[in-house]
Amino acid sequence: MKKFMDEDFLLDNGVAKHLYHNYASKMPIVDYHCHISVQEIYEDRKFENITQIWLEADHYKWRLMRANGVEEKYITGDGSDYDKFVKWIETLQIAIGNPLYHWSHLELQRYFNYHKPVKVEDTCKIWSICNEKLKETSARKLIEQSNVEVLVTTDDPIDDLHYHKLLKEDDSFKVKVLPAFRPEKAMSIEKDYYLTYLERLSKASDIKINSFASLMEALVNRMLYFKENGCCISDHSLKYVYYSETTAEEVEKIFEKRINNQSLTEEEIIKFKSLFMIEVGKQYHKLNWVSQLHYGVIRNVSQKVFKNFGPDGGVDAISNYTPSVTLGQYLNALEEKGQLGKTIVYSLNPIDNEAVDSIIGCFQDESAKGKIQHGSAWWFNDHKQGIEEHLTSLANLSLLSNFIGMLTDSRSFLSYTRHEYFRRILCNLIGGWVESGLYPNDDKLLKEIVENICYKNAIRYFNF
């Protein structure tokens, strides 16, 4: 029987242990997609207790606590921090098979030097140990301790990037913190807030938005502002990748209807979003930005939680409507114009792995290694099985060696252990193939492959 989460956790063979301990574990972290607060990094936030850093904004944990029948008071409500911590420990102790069990224990090991399995009877002890350690650390120290080299946040076009600028000027913090351009609200023509948002975008860009053309002009204005502040990545959260044949004239009429408060049909909304994605895609290519396409999500499934808490309350789910046809049509439309740039495709639906991998293979070219990427196993899929299935599909249908690796997609300063989790699984998978005679035990080649996936591919791909 193997020891519980020791130094060889998730490493089941000699090659895997060698690859992880000697190569993967030593690589810096490039976290090219996260939701960490830039203000908290700049202000170097300190945390009063473990609940603040562990549970304050972690909807993964909230979902698990609800599954354990925990009263909402102790999840997102006004329960005391200690009582919330108690409820989480009660839940975590029995979370067998859930990645949160392993993530949480890795966090305890790496940041608090606590190496025992979590048990309810040790709640007070764990609370005291963690809180004592937190007195010595802060947001910046946790990032530096995690060996993070580049960190990319997620930012709205109207953001003034104030804290990004301040961090860039701060020579005491060596980690590169960059913004990503996420124009989700500018595309959400069907939302009640849309016209109000356009007013804010007009103000930020100093361009009066009264047409689709002027909307694009305003967004380009903000893209250039973001580029001046280090941005080289865009991000789109989509139900699915939209594509519908339309014209600029038709979309102008649709936009005019919306700014006149007329209702739109579903077909009109899709046509608007299709042209929106094409037009911003052209600009990303022109700027040499990487475009991220996240899809396959049903948002705010529980209206009860949504009404009480708002978005990101832990009640999103996997969508089973993720058409690969429109993904292919969208990429093809840009390629036909000679304006398809580097693109990362993520589907939250795990059954899409092979579909995504087969489609990205249709659009690779000499302009970049792995120009079109299948983004890492994401959200409900970043557990052992999900990561293995993603990596195996990518290896089967594309070139795993050109993969740009893991991201956190997190709001937590402790979540960098997910990179360790991923790297261990990666090394174990590759080690298993070598041990089975499916790939030669060529240490020079294996070292290059592992180090590239863990770090070097991302540096090259994003031009960091």
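The accessible surface of the protein chain comes to about 20200 Å² (Shrake-Rupley, 1.4 Å probe). Carbon and sulfur atoms hold 49% of that surface. This is a predicted model: local features need pLDDT of at least 70, side-chain atom pairs count only at pLDDT 80 or more, and totals for chains, interfaces and linings use all residues. Residues are numbered from 1 along each chain as its sequence is written, and side-chain values use heavy atoms, with hydrogens and water left out.

Overall figures for the protein chain follow.

| Property | Value |
|---|---|
| C-alpha span along principal axes | about 65 × 55 × 45 Å |
| Distance between mean positions of 56 positive (Lys, Arg) and 67 negative (Asp, Glu) charges | 2 Å |

The radius of gyration, taken over C-alpha atoms, is 23 Å; this agrees with a compact globule of 464 residues, which would have a value near 23 Å. That rule is 2.2 Å times the number of residues to the power 0.38.

The chain has 20 helices (DSSP H or I, at least four residues) and nine strands (E, at least two). Take contacts (heavy atoms within 4.5 Å) between residues at least 6 apart in sequence: 77% join residues at least 24 apart.

Beyond its neighbours within four places in sequence, Phe272 touches residues including Leu215, Phe212, Tyr194 and Phe255.

How values were computed
Charge placed at Lys NZ, Arg CZ, Asp CG, Glu CD.
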